[in-house]
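Subject: the two-chain model, over to you

Hi,

Here is the structure I promised to pass on.

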Amino acid sequence: MSAVNHPASAELEPFYIGPAATQLFACYHPPQGEAHPLGFVLCPPHGQESIQFHRSLRLLARLLSEAGFPVLRFDFRGCGDSMGDHEDWSLENWAQDVERALQALEEKSGVSSLGLVGIRLGASVALAAAAARGGIEALVAWDTLLDGGEFLAEARAQHQNMLAHAHVRVDMDPEGGPRSELLGFPLPMALAQDLESMAPAELQSCPARHALVLESFARFPQAGLRQRLQELGTDTALQSHENPHLWAWTEDFARVHIPRKILEAIRHWARELPS
Amino acid sequence: MIERAVQIPSGGGLVGITTEPGAGRDPELPTLVFLNAGLTHRVGPSRLHVRMARDLAQQGFSSLRFDWSGLGDSGVRHDDVPVGESIISETREAMDFMTRKTDASRYILIGICSGATVSFLTAQTDQRVVGVALINAQSHLHGDSAELGEALRTRTITRHSYRIALRSSFRSKNWRKALQGKISVGGVLQSMLMAPVRALLGRGKGAALPAMDPVAQVRALRDRGVRVLHLYSEGDEGLDYFQEVLGGQGAERMAAIGAETEVMLGANHVFTLLWTQDRLTAAVREWTRSFAKPPAAE
């Protein structure tokens, strides 16, 4: 039955980065056809957004690899299949993870230049990591969290909405008082403090030569980020693709948004980059 | 604890993660296999499968979590095998893979929602399965009659509306919301009233249920020595299915044939609140721990 099947190894290679105790789960998507010298690391969003967006990230990796770009997806520490738990969550740790993922992509593919695609909190982390290390050729920042406090307020509002509408009872928690949690995931104090002080629009050094700033949620406008990147010398484009439900929590497993147009826009932008 | 990424030569090419205790696999213990919950990839809702796999590794259990073809990181099938068959054959081939890699010979299948249903169906056909943890399972006890399935669907929705509105621990919260105009009372009443009206008029498929024996397959599993756990969230519709097919005495009827049932009050379908995740993890831990004991004398 399976003689003509199981071709996954041609499309992707799942593996772990680093030693067992701190390993990060990754999927390498080799380029299809002629390989481009530029490769991309995809930095996922956080929490429930990462669960709901997994399918879209996989599709984005496929679209880019079909266009000849080597691509590496990975899970931040304490997330997905990577080692650790919420106690490991911090912007600093995750910026280190981006660096590990970039090194892994270089080792896997031999690319001569590096790109990053970050989504939501993943974009904030990617920007910080790129600005700190330098040398990033291309960067896509999709609905970057420009104001951590605003993000937390929005997430807490969604959580309250969930509490009001889902069949859940906070008061039946045997440990008593309300826990610090957001839509199925803990919200550790350290991460909340990290987020409150986060300000990607105040970057002090150029994160990449070329950047695409994507905005799909009008309540979090991205024009300020484009302006800052341009001030820092990054060749920056801004695209808006309204998709207000993309980051909305849903209890329904079957309701997975695939923003195909945005994924295609990223591929198109990457293809048009000057060589 | 050691985790490894694996590719399983089945279907579209399956991607999974094995979790082993730090001391290695205990050959006396069955290996656990986590199945996809709906379209969610192998980490499970709120990363619950990862959490449970690592918790169970602390108890000495090895496990595999993987994606069926077309889900998560697994490839897409290019044949015409119906998905209802392929997910069972891929689950069995995942066990074949683990047997080749680790010499495991006994398995416990764990699934939430659709993963629970496939766990149950796979256990029917695979003698290596010694336990199934069915979390918010639905549509698994009545056989494969489409007519019966449709009738039960109608009755399940009606029962769910009644129970949530009138008998669940959510009832005061829901009526408060209704009074505040935050939910549509009309929609709830329509769901509660129209289905039985249609049934009384003989127009709906729910007018009469064809004969069925909902415990037959569970009894067959128990006769084979397979342990069956039904675990339901109070807010889940699967609980209404369970009560509908078993006549409201589901837990007692299951207990009579040696199967276990637990209902978690205050929990929703995907265990969104952290305390419900803690409870679920503890419940699965307690249930699997008993597999380590020597079998009781008959």
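Some housekeeping before that. This is a predicted model, so to speak of local features we need pLDDT of at least 70, side-chain atom pairs count only at pLDDT 80 or more, and totals for chains, interfaces and linings use all residues. Residues are numbered from 1 along each chain as its sequence is written, while chains are lettered from A and ligands numbered from 1 in the order in which they are written.

**Chain A: the sheet**

Chain A has an open sheet of 8 strands in the order 1-2-4-3-5-6-9-10, with mixed pairing. Helices (H or I, at least four residues) and strands (E, at least two) are DSSP runs, numbered from the N terminus, and two strands pair if DSSP finds at least two bridges between them. Which strands stand at the edges? They are strand 1 (13-17) and strand 10 (235-240) of chain A; each has a single partner strand, so one side of each is left without a neighbour in the sheet. Ignoring direction, neighbouring strands of this sheet are turned by 20° against each other on average. (For angles, axes are lines fitted to C-alpha atoms, for helices over the stretch in contact, and the values run from 0 to 180 degrees between N-to-C directions.)

Helix 3 (residues 91-109) of chain A touches strands 1, 2 (24-29), 3 (38-43), 4 (71-74) and 5 of chain A, and its direction makes about 145° with that of strand 3 of chain A. Helix 7 (residues 223-231) of chain A lies across strand 6, strand 9 (210-215) and strand 10 of chain A, at about 170° to strand 10. Contact here means that the C-beta atoms of two residues, placed from the backbone, lie within 7 Å.

**Chain A: a helix pair**

Two packed helices are described by the angle between their axes and the distance between the axes. Helix 2 (48-66) of chain A packs against helix 8 (residues 260-272) of chain A at an angle of about 30°, with axes 10 Å apart. That makes helix 2 of chain A roughly parallel to helix 8 of chain A. (Angles under 35 degrees count as roughly parallel, over 145 as roughly antiparallel, 65 to 115 as roughly perpendicular and the rest as oblique.) Among the residues making this contact are A:Leu59, A:Leu60 and A:Leu63 of helix 2 and A:Leu263 and A:Ile266 of helix 8 of chain A.

**Where the chains meet**

How many residues of chain A are in contact with chain B? The count is 42 residues of chain A, in contact with 45 residues of chain B. Several elements of chain A each supply at least two residues to its side, including strand 1, strand 2, helix 2 and helix 5 (148-165).

**Chain B**

The domain assignment (automatic or from a database) gives chain B domain 1 (2-143 + 213-292) and domain 2 (146-207). Taken over C-alpha atoms, their centres are 29 Å apart. In the contact between them, 13 residues of domain 1 of chain B touch 11 residues of domain 2 of chain B.

Chain B also has an open sheet of 8 strands, with mixed pairing and the order 1-2-4-3-5-6-7-8. Strand 1 (2-8) and strand 8 (260-264) of chain B are at the edges, each with a single partner strand, so one side of each has no neighbour in the sheet. Strand 3 (residues 31-35) and strand 5 (residues 107-112) of chain B run parallel, joined by 5 bridges; B:Val33 has B:Leu109 of strand 5 as its bridge partner.

Finally, two helix pairs. Helix 2 (residues 83-102) and helix 3 (residues 114-125) of chain B pack at about 65°, with axes 10 Å apart, and are therefore roughly perpendicular to each other. Helix 1 (residues 48-58) and helix 10 of chain B pack at about 40°, also with axes 10 Å apart, and are therefore oblique to each other.
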